[in-house]
Amino acid sequence: MCPTARESVPVPRGSHHLDTRLVHEGVARTEFGETSEALFLTQGFVYESAESAEARFLNEEPGYSYTRYSNPTVAAFEERMAALEGAEAARATATGMAAVTAAMLGQVRAGDHVVAARALFGSCRWVVEDLLPRFGVRCTLVDGTDLDAWRRAVRPETTAFFLESPANPTLEVIDIAAVAAIAHEAGALLTVDNVFATPVWQRPLELGADCVVYSATKHIDGQGRCLGGVILGSRSFIEEKVQQFLRMTGPTISPFNAWVLLKGLETLALRVERQTRTAGLIADALYNHPKLVRLIYPGRPDHPQADLIARQMLGPSTVIVLEVKGGKAGAFAFMNALRLVKISNNLGDAKSLVTHPATTTHQRFAPALRAEMGIADGLVRLSVGLEHPDDLLRDLADALDGA
Ligand SMILES: Cc1ncc(COP(=O)(O)O)c(C=O)c1O
């Protein structure tokens, strides 16, 4: 943060619980003593003198120079995210995909090799499978749940591992500590997309990951207002791999969006805990519904990786996967019959949302590839919101009964 003209109010690390850090970290009041964090909606800053501008650019004088590089409101959001995640440093980006792209491109050079889990959000998979090879970076996709597959994929030139856990949309869970150990043995760094778990339920850095990325568009905003992303890691990781890439290429978040996300963090734990509790109730109530082929929920003992979830996660998820009988037609009939739950491709929102991944987020993959990723035509992703559980259950059960 910029120390000039601002009273910094640090909250000592380790002495407060997550809920407290979510409200107080990153606060740096101006001389007006505002209660809510100030919004610095400015492209840049003026200097006292030409000498001061020169010194700022030489990094010899503290302060901000241009919002593409840094901004007090963006820095407040980054500080709160870093404190929450237990990271030394964080950088915010315009979207979650900007965070994924910058984190991965920042780590590799032509000739390097990346190993990634194959069950990924469609755009994440495009970055590792299609974008990186354009620049001479090869990528091997593996079944992320098979630790031997990660080991076998390693080559002398492997520098980076990438995974999502739980994965979008299959809720497949990967052993982060074990994959981090394999990556480190190979001299590579592990990046984890922690969107589905949220920082409330999973701490990849504590499990051994080197970098965590978020789409802040999801639970961090959680109210469907704006896009955003964050990259977190050690100070050296951020400074050496990410910082210059972001400064020079400019996937910068608007200070306004950073402010919205900063305020969103204050209620993150409350929202995620409530949404997760409701998701658990819904998963249990619908589990044996005759219109379902299967229901996957990380909070249920029948999840294929229930033991790992108990070890690795502090709580399950706000997302449930339902496979409706009748393939695409069955899924569409169910979705179209919903009244309260909305059809959308976002998740982690206050409003409960359903998505049909096979025709939206994962549409570009051939059917065989979708099947390999576990995305059946009848699969519907349900992101559970803040509505009353009884109202949601009635809507979901009615829609299934009528599908
Ligand atoms: C797992 C995961 N990673 C990254 C993203 C990309 O986020 P954004 O839409 O903010 O770019 C998404 C979006 O759905 C996602 O689900």
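Keep in mind that the model is predicted.

**Around the ligand**
- T217 places a polar side-chain atom 2.6 Å from an oxygen atom of the ligand.
- M97 takes part through its backbone, with an N or O atom 2.8 Å from a ligand oxygen.
- N168 uses its side chain, where an N or O atom is 2.9 Å from an oxygen atom of the ligand.

**The loop between β6 and α7**
- S165 and P166 are joined by a cis peptide bond with omega of about -10°, and P166 lies in the loop between β6 (158–164) and α7 (176–185).
- N168, the ligand contact mentioned above, is linked to P169 by a cis peptide bond with omega of about 5°; P169 sits in the loop between β6 and α7.
- L171, in the loop between β6 and α7, has a positive phi of about 60° although it is not a glycine.
- L171 counts as buried because its relative accessibility is 0%, under the 20% limit.

**Elsewhere on the chain**
- N59, in the loop between α2 and α3 (72–85), has a positive phi near 65°.
- With 70% relative accessibility, N59 counts as exposed.
- L41 belongs to the loop between β2 (28–29) and α2 (50–57) and is exposed, at 58% relative accessible area.

Terms used:
Residues numbered from 1 in each chain as written. Predicted model: local features only at pLDDT ≥ 70, side-chain atom pairs only at ≥ 80, totals over all residues. Heavy atoms only, no water. Helix = DSSP H or I, 4+ residues; strand = E, 2+ residues; numbered from the N terminus. Buried < 20%, exposed > 50% of the residue type's maximum accessible area, 1.4 Å probe, protein only. Polar contact = N/O pair within 3.5 Å; in protein donor to acceptor, adjacent residues only side chain to side chain.
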